[in-house]
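The sequence and structure are shown first.

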Amino acid sequence: AGGSISKIFVRNYTNMKLILFRKIKNISFILSFHKISLVLIIVFGLLARAYKMPMVISYDEAATYLDYCDGGFTSFLKIWNVNNHLVNTLLMKVSIEIFGNDVIALRLPSFIFGFTNHLLIYYISKKLYEKKIALFSTFLYSCTPLLIHYESQARGYSIKVTFTLLLFIACFHFLQKPNKTYLVLVSFVSSLGFLTIFSFIFPFFGFLIWITYDLFKQKRFKRKIIFKNIFQIVIYTKIISVFFYTPSIILSNGISSILKAAKEGNVNVYGSFPDGIPTFFTNLINILFFNNNNLAIVVFCILIYTVLKEEKLKYILLSHFASAIVINVAASAIFPSRVFIYITPFIIIPTAVFISNILFTVKNFYFATLPILQMLIFFYFFQNNIVKKYHDNMSGDVINVVNKLKKLAPNTSKSKILLNAHPGIYKSFKYYQRTNNLTTIEMYGEKNNSNNIHPIDQNTYVVSYKNNIMKENSFIKVFEGEFFEIHKSKNL
């Protein structure tokens, strides 16, 4: 009996040991170096974006809030200027209703879509190549200052990148297996892109060029069938987009008003065609490569190599470049450089392919180094204010002025605040005035000097850039910050 008990004990012990070893093996598989590195890269990338989310609200963000989010339920559906990136505006409205009215709540939708973009670029890179390149693509994506900026901004550009990547996936599957289901999927994703932002015409047209060329290259379909597919994609996209926009069309006095707003907000706002082309390219390179000309040259060389040697991405890149050229020439217009943020993932992937094939030939070497390198890059970015440079004319000084005005003018019925500064700053101050229940802030003066500030009553404060107001006996300085000053009348 004692022998049988000991045998049972040994057998049970052996079985438990095997089960334990299997679990340990499964855990080691689940927590592989690759997956740990991927998680760390995404987490560090999100932390970089979260660090930037509390920064001062920019003009465009404030304009979106004031014009569309601060009113009733139907106000965000109206489109009377190009600032209404409809999907983002709707999500901003939902976010502030749930989490309260502050800049983090406004920027939360972009942040969430930024997280999605990390996953999508990993998926696409892995689909095209392998997981090593997918990991490095995700690493480059997470470290790109332009993407860090717009994925922590209450604007529609983060969502535009999301729908561009989703449209690539839909087009990729359509080209693998052309059928009605994928054709409708391409149109549906495209419609969501157009619902987000009017400038989605650029990636949409680029993918149409790619699909057309690839179908011709496959030599499986007659020309008539190819053009029929492209025509159906365009028609279905138009029908679905009009359906999505129907409430806005009704509330905005017709589709012509929406198209007019789209044109006025995008076309030749940043220069005239063709004289503004050199300036446009300069701005585009600066925004993509954070004013680093050496980096721009290296990446352009990699892209040229990709076009010459790399089959998988060559025609995607050429299609999007062709789309940008055709639309700009056809419209005879200069578009804002940020419109082309959608091309960034398609610059990142070939760069990742090139660099990973050269540097990371040692197995598992890149798993350990990438998260560490990522932290060093972020440290460099934040030490040198590289990410903050995308905040044009913005600084924490705006918050300092607002806090000071709370103390100086607590009685809103007996005070008036004038802003004598660039009109772009006005919307930002107006946002903080609205959310902090300050006295109404008004723009004052065509030019930034005291000659335009006429005699003012005793309840008026003047906020201006430093040294914008000439030293006169009628004013006294009550606050001086890094960028702004507050003056009041001496008889106050």
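1. The second largest cavity is lined by Tyr123, Ile124, Lys127, Phe168, Ile169, Phe172 and His173. A cavity here is a set of points, on a 1 Å grid over the protein atoms alone, where a 1.4 Å probe fits but cannot get out; lining residues have an atom within 4 Å of a point. The volume of this cavity is about 30 Å³, where volume means the space filled by probe spheres set on the points, and grid points are joined across faces, edges and corners. The search of the whole structure finds 2 cavities of 30 Å³ or more.

2. Helix 5 (103–128) and helix 8 (157–176) each contribute at least two residues to that lining, and helix 8 gives the largest share, 4 residues. Helices (H or I, at least four residues) and strands (E, at least two) are DSSP runs numbered from the N terminus. By class, the lining holds 5 nonpolar, 1 polar and 1 charged residues; Ala, Val, Leu, Ile, Met, Phe, Trp, Tyr, Cys and Pro count as nonpolar, Asp, Glu, Lys and Arg as charged, and the others, Gly among them, as polar.

3. The model is a predicted one: local features need pLDDT of at least 70, side-chain atom pairs count only at pLDDT 80 or more, and totals for chains, interfaces and linings use all residues. Residues are numbered from 1 along each chain as its sequence is written, and side-chain values use heavy atoms, with hydrogens and water left out.

4. In the chain as a whole there are 19 helices and 5 strands. Of its 492 residues, 50% are buried; buried means under 20% relative accessible area, exposed over 50%, and partly exposed in between (1.4 Å probe, protein chains only). Among contacts with a separation of 6 or more, 73% join residues 24 or more positions apart, a contact being heavy atoms within 4.5 Å.

5. The largest nonpolar core has 100 residues, of which Phe168, Phe202, Trp210, Ile211 and Phe340 touch the most other members. Helix 8 provides the largest share of this core, 13 residues. Another core, of 32 residues, lies apart from it and includes Met92, Val103, Ala105 and Ile486. Such a core is a set of buried Ala, Val, Leu, Ile, Met, Phe, Trp, Tyr and Cys residues joined through side-chain atoms within 4.5 Å. Beyond its neighbours within four places in sequence, Ile211 is in contact with Cys171, Phe174, Leu175, Ile230 and Ile233.

6. Which residues does proline 145 contact, leaving aside its neighbours within four places in sequence? They are Phe290, Phe381, Ile386 and Tyr390. Proline 145 belongs to helix 7 (residues 145–150) and is buried, at 2% relative accessibility. Its C-alpha atom is separated by 9.2 Å from that of lysine 388, 243 residues apart along the chain.

7. Two residues with positive phi deserve a check. Lysine 219, which is not a glycine, has a phi of about 60°; lysine 219 sits in the loop between helix 10 (201–218) and helix 11 (223–251) and is exposed at 75% relative accessibility. Asparagine 437, also not a glycine, has a phi of about 55°. The loop that holds asparagine 437 runs between helix 19 (423–435) and strand 2 (441–443), and asparagine 437 is exposed, with a relative accessible area of 63%.

8. Phenylalanine 483 is in the loop between strand 4 (475–480) and strand 5 (484–489). At 39% relative accessibility, phenylalanine 483 is partly exposed.

How values were computed. On a 1 Å grid over the protein atoms alone, a cavity is a set of points where a 1.4 Å probe fits but cannot get out, and a pocket is an open set with protein on both sides within 12 Å along at least five of seven lines; lining residues have an atom within 4 Å of a point.
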